[in-house]
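Here is a brief report for a reader meeting this structure for the first time. Keep the sequence and the model side by side while reading.

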Amino acid sequence: MQSSFSGIEIAKTALFANQRAQQTVAHNVSNANTPGYSRQRVILEATHTAYGMGSNWQMGTGVKVSDVDRIRDEFTDRQYRNENSSLGQWNIQSDILKQVETVFNEPSDIGIASVLNEFWKGLETLSKDAASQEARETVKEKAITLANTINHAVTQLNDIVSDINYRISIQVNEVNSIARQIAQLNLQIRQAETGGASAADLKDKRDLLLDQLSNLVQFESYEDENGIFSINVGGAILVKGPDSANMEFDTSVANGKIEWKEYNSDVRILKGELKGLIELRDDKLKNYLDQLDKFTQTFVDEFNEIHKKGYNLDSETGIAFFEYANGVLSVNPDIVSNPSKIAAAEEKDGIPSDNRIALELANFRYKTIDIDGRQCTIDDYYGTIIAKIGVDSQEATRAADSQAFMVSQLDERRQMTSSVSLDEEMTKMIQYLHGYNAASRIVTTVDEMLDTIINRMGV
């Protein structure tokens with residue numbers, strides 16, 4: 001049987017529901033510019049019905065807030081994070097490959113190609129006057145400049161490799177930090193939802209961290225039937241509920257590798273900045289260094305072979321012009337201290353006018369030789385190194401630009417769903433205000449009805 005006060009109880013639930021809805025609107029408006037915030041929506045539902053007198057009809061008992069829902073498109077979120085991982089990978093490669101291009105600085109007056117060309121010109125001058133001390137001095141200085149330029153390029157490439165290793169260590173720590181924060185949020189979300197409260201804001205914080213994590217490494221996130229949120233990286237669990245695993249960057253091995261501390265295995269990284277850094281270090285930069293080493297070693301071996309055949313002004317033969325050991329190129333110290341040691345004559349009796357060896361050294365630039373299984377000149381081989389770097393850099397830049405556009409489109413789609421529309425919130429504010437006013441009017445009306453029954457009937 002319905003109480004005479006049931007009308008007030010029904011109106012009271014309406015007052016509370018509209019008040020809660022109005023608070024949610026205010027919360028949305030205040031966070032309209034908050035990064036990562038998803039607009040919230042109050043879910044209203046009718047409360048259970050009661051049976052009237054005779055139990056042959058039902059009467060509603062009011063309204064309640066069943067939940068506060070986040071407006072979020074999980075499918076677009078997954079797309080965004082997957083593409084954001086690719087963006088992180090190509091962005092970091094594009095940035096570092098631009099540094100590599102700066103190292104070689106081609107074409108320019110101070111690049112290896114230009115310095116090597118000056119060295120050839122010096123040899124041509126010597127071949128025209130084999131007895132000239134001035135020409136010999138020029139060849140020596142050009143050779144020293146060439147050696148220093150190549151060594152400087154190698155040093156800078158190795159510095160970039162060291163910088164990549166440092167970046168990897170920093171990002172591994174960042175992944176671990178984000179994982180710990182997400183695990184802590186998982187605990188807070190579970191506690192809030194167990195207590196019947198809304199965890200929408202906590203889930204927004206978690207999604208923002210997931211966006212940041214996706215730039216570093218590709219992952220899969222899911223929630224199981226028990227409500228436990230997990231993150232999987234390359235087949236291993238990074239986060240499971242309130243627990244998180246840790247990555248370690250092991251520098252005890254060559255170049256270093258990323259391992260799981262808990263699983264005693266290597267981390268399998270598919271995309272993200274970490275993937276871009278590792279691919280650069282172990283593939284592209286290693287290839288550039290190997291090719292530069294083959295270029296230098298072949299140049300030294302072939303050049304010295306010609307030079308050793310000749311005689312210098314001191315009637316000596318069998319002297320190497322260049323020395324190359326442990327990745328460092330240098331000019332023979334004897335030649336540095338005494339340019340007369342440069343061999344120019346093919347026969348001892350032809351000194352000092354015999355220029356045939358000097359001419360052969362000058363023409364070496366046009367000689368087709370075998371370098372790493374390729375038949376080409378020494379200049380052409382160096383050109384292929386520069387061309388490869390240029391192609392890799394352009395590819396990375398194009399891919400980064402393409403990914404940036406795709407990510408921006410996906411983010412815009414997310415914002416269309418999740419962002420706060422102030423016009424929409426203003427409309428809801430008026431709607432809930434009218435609902436609240438109407439409910440308060442019901443309370444007043446029922447109060448007047450009860451006053452009539454209690455104080456005026458029978459008078």
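Which residue forms a salt bridge with Asp-77? Arg-72 does, and the closest N and O atoms are 2.8 Å apart.

## About the model

This is a predicted model, where local features need pLDDT of at least 70, side-chain atom pairs count only at pLDDT 80 or more, and totals for chains, interfaces and linings use all residues. Residues are numbered from 1 along each chain as its sequence is written, and side-chain values use heavy atoms, with hydrogens and water left out.

## Salt bridges

The structure holds 35 salt bridges. A salt bridge here is a side-chain nitrogen of Lys or Arg within 4 Å of a carboxyl oxygen of Asp or Glu. In the pair that opened this report, Asp-77 and Arg-72 are both buried. Buried means under 20% relative accessible area, exposed means over 50%, and partly exposed lies in between (1.4 Å probe, protein chains only).

Another salt bridge links Arg-281 and Asp-282, with the closest N and O atoms 2.7 Å apart. Arg-281 is buried, at 6% relative accessibility. Asp-282 is partly exposed, at 36%.

## A pair along helix α4

Arg-167 and Asp-163 meet through their side chains in a salt bridge (3.2 Å, N to O). Why are they separated by about one helical turn? Because they are four residues apart in helix α4 (residues 133-194). Helices are DSSP runs (H or I, at least four residues), strands are DSSP runs too (E, at least two), and both are numbered from the N terminus. Arg-167 counts as partly exposed, at 24% relative accessibility. Asp-163 also counts as partly exposed, at 29%.

## The largest pocket

Rolling a probe the size of a water molecule over the atoms shows where empty space is left. The largest pocket holds about 530 Å³ of space. It has 26 lining residues, and the closest to its centre are Arg-70, Glu-74, Lys-203, Arg-206 and Glu-223. Elements that give two or more residues to this lining are β4 (63-70), α2 (74-104), α5 (200-216) and β5 (220-223). The largest share, six residues, comes from β4. By type, the lining divides into 14 charged, eight nonpolar and four polar residues.

Some terms need their rules. On a 1 Å grid over the protein atoms alone, a pocket is an open set of points where a 1.4 Å probe fits, with protein on both sides within 12 Å along at least five of seven lines; lining residues have an atom within 4 Å of a point. Grid points are joined across faces, edges and corners, and the volume is the space filled by probe spheres set on the points. Ala, Val, Leu, Ile, Met, Phe, Trp, Tyr, Cys and Pro count as nonpolar, Asp, Glu, Lys and Arg as charged, and the others, Gly among them, as polar.

## Backbone details

Two cis peptide bonds can be picked out. One runs from Glu-106 to Pro-107, with omega near -10°. Pro-107 sits in the loop between α2 and α3 (112-128). Another joins Ile-351 and Pro-352, with omega about 5°. Pro-352 lies in the loop between α7 (333-337) and α8 (356-363).

Asn-105 has phi near 50°, though it is a residue other than glycine. Asn-105 is in the loop between α2 and α3, and is partly exposed at 31% relative accessible area. Asn-264 is not a glycine either, and its phi is about 55°. Asn-264 lies in the loop between β10 (257-260) and β11 (265-266). At 71% relative accessibility, Asn-264 is exposed.

## Surface and interior

Which residues form a nonpolar patch on the surface? They are Ile-453, Ile-454 and Met-457, with about 330 Å² of accessible area together. Patches are made of residues with over 30% relative accessible area and no salt bridge; like charges are joined within 9 Å, and nonpolar side chains (Val, Leu, Ile, Met, Phe, Trp, Tyr) within 5 Å. Areas come from the Shrake-Rupley method with a 1.4 Å probe, and for residues only the protein chains shown count as cover. Ile-454 belongs to helix α10 (residues 422-456). Ile-454 is exposed, with a relative accessible area of 58%.

Leu-292 lies in helix α6 (residues 273-309). Leu-292 is buried, at 1% relative accessibility. From Leu-292 to Ile-92 is 200 residues in sequence and 23 Å in space, C-alpha to C-alpha.
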